[in-house]
Each structure stands twice: as C-alpha cells, then as structure tokens.
There are 2 protein chains.
Amino acid sequence: MRDFNFCNPVRVHFGQNAIRHLPAELADYGPNVLLIYGGGSIKKNGIYDAVIKIMGEQKKNVFELSGVMANPRTEKVYEGIEMVRENNIDFMLAVGGGSVIDCTKAISAGSRTDKDFWETFFIGRGECQDALPFGTILTIAATGSEMNSGGVITNWEKKIKTSYGHRRLFPKFSILDPIYTYTLPKNQMIYGAVDILSHIMEAYFSYPDDGNVSDDIAEALTKNVIANLNVALKEPTNYHARANLMWASSLALNGIINIGKEQDWMTHQIEHALSAFYDIPHGAGLAVVHPNYLKYVYGNAPKKFVRYAANVWQIPTAGKTEEKIALEGIGRLQQYFREIGAPTTLAEVNIPAEAIGEIAAGTNLLPGSYHPMTREDVKNVLLLCK
Amino acid sequence: MRDFNFCNPVRVHFGQNAIRHLPAELADYGPNVLLIYGGGSIKKNGIYDAVIKIMGEQKKNVFELSGVMANPRTEKVYEGIEMVRENNIDFMLAVGGGSVIDCTKAISAGSRTDKDFWETFFIGRGECQDALPFGTILTIAATGSEMNSGGVITNWEKKIKTSYGHRRLFPKFSILDPIYTYTLPKNQMIYGAVDILSHIMEAYFSYPDDGNVSDDIAEALTKNVIANLNVALKEPTNYHARANLMWASSLALNGIINIGKEQDWMTHQIEHALSAFYDIPHGAGLAVVHPNYLKYVYGNAPKKFVRYAANVWQIPTAGKTEEKIALEGIGRLQQYFREIGAPTTLAEVNIPAEAIGEIAAGTNLLPGSYHPMTREDVKNVLLLCK
C-alpha cells in the first residue's frame, strides 16, 4: 500500500426526496444563487420546479446558467464566471450530471481569480487560492464529480479536453435521489455505468498489486455495478438498482478505492482526445478504449488480470496459462460492453481510422502504471480500437 | 438501500513517517497543546520523543494528560477538562488507540460547556454545541475512532459503559503510520482485529439485505482483515499486513460500510456491560459475545448467514439446509477466534456464570435489527457464552 493523504468533506444526502435537505444547506449562504443546468430535462421531470420553489421559500435571488453541454466547453465557463461577477453570486447550485458539475467547479475556481481560468488551472496547473462555494443535485450516476474535487473541461478551439482538481473544489453538499435517474435515456444510463466501471479500473489496474484492500473493494464495486445495471436495464424504475448505481458512481471516484494505489488514467486521457476531436459521449469513448487498452498492457501484470478474470467474471482458471485467463477476462469485459449496447470500436462512434494519428498526437501523456505510455503506444492502442 | 446522510471530513495522513505532516496540521491552532496518551508505551517506541521535538519546533506549550486506561473512565475525562480550562488549551493531540482518542473526544465536548459532560452527552444525549479541536496519532488498528465522531466512556462507579457521537467530534486529522503498530503486544493486535471484524458485522448483519453495495464492501473488508491478521501474527513487522489492518480499522467504522444499513450494535452493548462490570479488554469481550449473538439471531435472516458462510468462509453449500450452512459459517467465525487466541467463553475471561443476570440487567437495550432484543434475550445470549 502506497502512502496516501485522504480527505473528502462532501456532505451527501441520499434517498427518495433527499431534496428536503436543500433548504437547510442553502441557509448557510447569501441570497444570490446561480442555478446551473443542462439541456432542460430538469424542466420536464419536475426537478427544476422543486428547486425554484425552495429558492423562493428561502428568499434567494435565482440567476440561471443553462445549456451546459456534454463535454462542457470553456465558453460556458467564461459565461458563468461573467454571471457570477455581474450578479454578486454567493453560491452556485449545479443540477445535472458530471458535465454540469464539472462546469460549476471551473466557474467556482475561475470566478475567484483575476487570471484566466483555463490557462491558470487547466493548462498551468496553478494552485486554486479561493473558490466560490457550490452544491449539487445529481441526475445521473456516472462521473462521481458529485463527491470529488476534480472536473474536466474541453477547449474546443484548441482540441484539448483536460482535467483539474483541487481540495477547495469539493461540493459543499450533494443531493442524490435515485428516482431522479428513472427518466434518463437508456444510452445515458449505459454510458454512465461504463464511466463508473472505467473509474474503478483506472485504480484497480495499477501498481502496487500487494493485496491492498482498495482492490478488494474495487472488485466488490465492479460486481455490484454490473449486477445492478443488468437490473436497471430491464426495470428502469427499480429503486434498489438505481440506488446502488448512484452510490457506486460516488464510491468509484470519491477516493476510497484509489487509496494506496498508483492509478493509471491513460484510458481517460485517450478518451479525452477522442471527445475533444469528435465530441462523442465520454462513456462511449471509454467503452471503445478501455478493453483495448487493457489488451495492450496486460502482459506486464498478468497475475492481476488473472485475479480480475477469476474474481469479477468467474472465469475458470484450471489448466490455462496466465495469458489465456487474462485475455478471457478482458474479452468478457468487452463482450459485456457489447451486450449492454455500448460501442466497442471507433467505427461505431463514427471516428475514421485515418484520424488515429491526429488523436494520438492530441492525447495527453501520463506515466500510466503497468505500461509506461509513449505516443506510439497510444497509437497502437487506438489501432486496436479500429 | 435505506436513505442516508454521510459526511466524514477527517484528513488522514497514512504511511511510513506520516508524522511529517504534523507540523503543517499544528500550524492552524494556537500555542497551548494538550498531549493525551496512555500507559507510556509511546515513550519506549520513540513516538513521544518525535512528537515533543515537533512541538518544540512549532513553539507549542505542551501540557500532558497521561495514563488513559483501556475502557477510559469518567475521572480521566474530568481531569482532562480541568487541564484544558486551567491552561487555556487551544488544541489536543491524542496519541494512542481508541481509548485515548475516545477520552479526547469526551474532553473535546466536555470542555466547551459548563454542564457535566457525562450527564449531558453520554446519558442525556444532548447536542454538542461546541468542541475543542483535536487530532490523533494512531498506535493500534482497532476501534476506528481515528476516523469517526463517536467515543465510548465508562462510568466505573455506576457500572455504565456507553457511547456518544456528534458531527463536531471528528478529529481534524489522523496520522496513521503502520510501523507504529509493529511493537504492539500480540494480544492487543488480536483484540484490535476482533474489534474491526465486529464493527463490520454490526453493519453487515442487519436489514435491509437487498444486495446493498455496503454489504459487498463489508465482505471484501472482512476477508482482507482475516488474511492480513494471519500474516501479521506470523510476521509482526510485515508492513503490508500492518498497513491493511490499520486502514481496515478506519474503513470498518468511518461510515462507508454502514451506508444504507439499519445496523445492529447489540453485541457492542452486551460487551460494554461485560467491560463495565469486569474491565476486560473490549476485543476479548466481543470475541466471546459476537459468535453467540449471531447464533441467537440467525434464524430470522438465514439467507444472509448463508451468504456470509459462502462468501467469507467459502463453506460449500450444496445439499445443505440454510440452517446448517448458517451455523457452519458462525461456527467457522468462532473457531477462527479460537485459532488466533481470542477467548470465546465467559469462563476464559474469568466472568462467572452467576454474573449473567447482573450483566444482562446492566446492558443498554437497542432495537437490534434481525431480532428485537429484550433483556431476557440478552440473558439468553450470555448463557450461550458461558
């Protein structure tokens, strides 16, 4: 187990009608609230009305930043920063999924500095000295942004999608009501689950492999997500399945399973490049890349992949080589993505093979873990994804 | 999954020489620090000297409250409250295990009110309006007190051992260095591991049993503790095993595996009565009571015990009744406690059968979960422990 520092101060209010905790949470802040949301689905399912009613009762002045898109872009962040300054915003409430919450985090950091948020934080990795407080109401189980301090923003002009995190950027609270996810389009539910599974794998498939309890929890979480996604696909209003998926979203990236682990995150970097060039859903890109990434790196840590195949997919191991078991496990993951209707090739998300060179060139290189990744390696992974 | 509210703001610094984070943590507080510790083992293993050196460098005025006993008593809390008031203490540093940390929590709440801490909080369950900040340096993997907001104090005169918890009583930080546990006496390591396993079971063996991810994590954690205790018993200086046990101590009671669960805690209530009357180690009492408690209640939730037997102890289930599998699982747990050298009968901890009535009468009754517990039920459980 590697050394670690851990702190996650987010207050989670979880369950049916958890929005009842919103008034008490809002009481801590000034009157001017910026409500941030996406394409307007919250106006159809009643969440918007419920929030506006509470805001009225709490005598808040509500300003609205709507239209936050999937793969949220710098323009939207600048728009939010401007609104914060013009209206002396005291608090922000993000209502939506990872895109809305990540955009809110960027506004939180960017509105409390005179410097340019993109250059200072996302490119320059500068220290966030101050942050505008915010809370979240989650509407999709996916990114875990509701319970961590990181966010991903896309600079569409420069074709860069990258992340920034800082301990001052934790939500003050997050309201998680599984019922809010009942009306989610099916593909979004699927991509959300792929994102959760991918977050788990970024930690799990990395050194050290010393029997760390984080890996044990990661396997438990993986099996839980698969079991509950299978139920939710058949019964979209199964509360139990939706509740487990929602909490798994937070657990997969609130830091608990990352403890003592090196972590990899190269699959996410490659997916960020796919999205930055082709604006595909994050979960779709991950479904394409992750199994192929694992096929590329497994040879350096075969025992871990044997463990994964046996413990997560119950693949019989007797009489087989480590390589065979490892590849069966990865193959089973890829097959599962196909079964649930996620894409597993670049062709399926309409990315031409000719774009591979450009995407590889645009991928942010991290050290990786099992296999140090060069730009040539990224290209090879993408070739497996064709 | 039941509704829940979750927040755990403790900053954990984990790893070899994690004490290097102490200066930065102390910088946030005033100069007068009360150092709280137990019987002096920290003077033998160098931790005391390391702390005192850092305190000097940070120009802190150090006051000391030493001699905090296992099953810490009200007298020690009063002594600490008095020292805080006399010396205008700004911050407390607890160096030790659960007893030292729990005592510190009681002083934290008790020194910031004019009322009597015992009557107000531990008996009256009053709201903690203010708390003196404190941090911890952990020296034994056991209670999880380093990462939660609860504590247990014994009123020896009244023969009452009971707990109190409040969100203002989280440590500001906890320093977890697995090497600090290398020199722990063997029986303390064993009792600590029993305590960890017991905390997990208080959550796991309770409703709802709906496939909640908390139960999946609980099983992963249980298997990890058993595997690493087995290693640490043979190799007391195995860093990996000690690290897993130490972090498991925190995970078992930092709230993560309690999420969405009713929780039981009746085994802990019965053990508290044992300790209040006979001052036995908490972990020893739990090893005696927990398997017998489970034997008493399993009939109301046999499927959960089948799951436990199969997943934790790999007990073959084919061709057996639920009852047989359940009892084999509980039997395996009890056998494990014997194998590691923990007591499993009242006789082994020198508690006479004649005392059972008195102990049952002195046990705090909670609702339990699988089996609502009357005083007669407690007596019956204790009769199984003879």
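## Pairing of β1 and β8 in chain B

B:Arg11 has B:Phe173, a residue of β8(B), as its bridge partner. The two strands involved are β1 (residues 4–14) of chain B and β8 (residues 173–176) of chain B, which run parallel and are joined by four bridges. The model is predicted.

## The sheet across both chains

This pair belongs to an open sheet of twelve strands with mixed pairing. At the edges are β3 (61–65) of chain A and β3 (61–65) of chain B, each of which pairs on one side only. From one strand to the next, the twist averages 25°.

In chain A, helix α3 (residues 47–57) packs on the sheet. The strands that α3 touches there are β2 (32–37), β3, β4 (91–96) and β5 (134–138) of chain A. The directions of α3 and β4(A) make an angle of about 160°.

## Chain A as a whole

Chain A contains 15 helices and eight strands. A compact globule of 386 residues would have a radius of gyration near 21 Å, and the 20 Å of chain A agrees with that. Along the principal axes, the C-alpha atoms of chain A fill a box of roughly 70 × 40 × 40 Å.

Buried residues make up 55% of the 386 in chain A. Of the contacts in chain A between residues at least 6 apart in sequence, 78% are between residues at least 24 apart.

## Domains of chain A and their contact

Chain A is divided into two parts: domain 1 covers 11–180 and domain 2 covers 186–384. Taken over C-alpha atoms, the centres of domain 1 of chain A and domain 2 of chain A are separated by 27 Å. Domain 1 of chain A gives 21 residues to the contact, and domain 2 of chain A gives 28 residues.

On the side of domain 1 of chain A that touches domain 2 of chain A, at least two residues each come from β1 (4–14), β6 (150–155) and β7 (160–165) of chain A. The largest share of that side, three residues, is supplied by β7(A). By residue class, this side of domain 1 of chain A has twelve nonpolar, six polar and three charged residues.

Technical notes
Residues are numbered from 1 along each chain as its sequence is written. Chains are lettered from A and ligands numbered from 1 in the order in which they are written. This is a predicted model: local features need pLDDT of at least 70, side-chain atom pairs count only at pLDDT 80 or more; totals for chains, interfaces and linings use all residues. The radius of gyration is taken over C-alpha atoms; the globule rule is 2.2 Å times the number of residues to the power 0.38. A residue is buried if 20 or more other C-beta atoms lie within 10 Å of its own, exposed if 12 or fewer, and partly exposed in between; C-beta atoms are placed from the backbone. Two residues are in contact if their C-beta atoms, placed from the backbone, lie within 7 Å. Domain bounds come from an automatic or database domain assignment. Ala, Val, Leu, Ile, Met, Phe, Trp, Tyr, Cys and Pro count as nonpolar, Asp, Glu, Lys and Arg as charged, and the others, Gly among them, as polar. Two strands pair if DSSP finds at least two bridges between them. Axes are lines fitted to C-alpha atoms, for helices over the stretch in contact, and angles run from 0 to 180 degrees between N-to-C directions.
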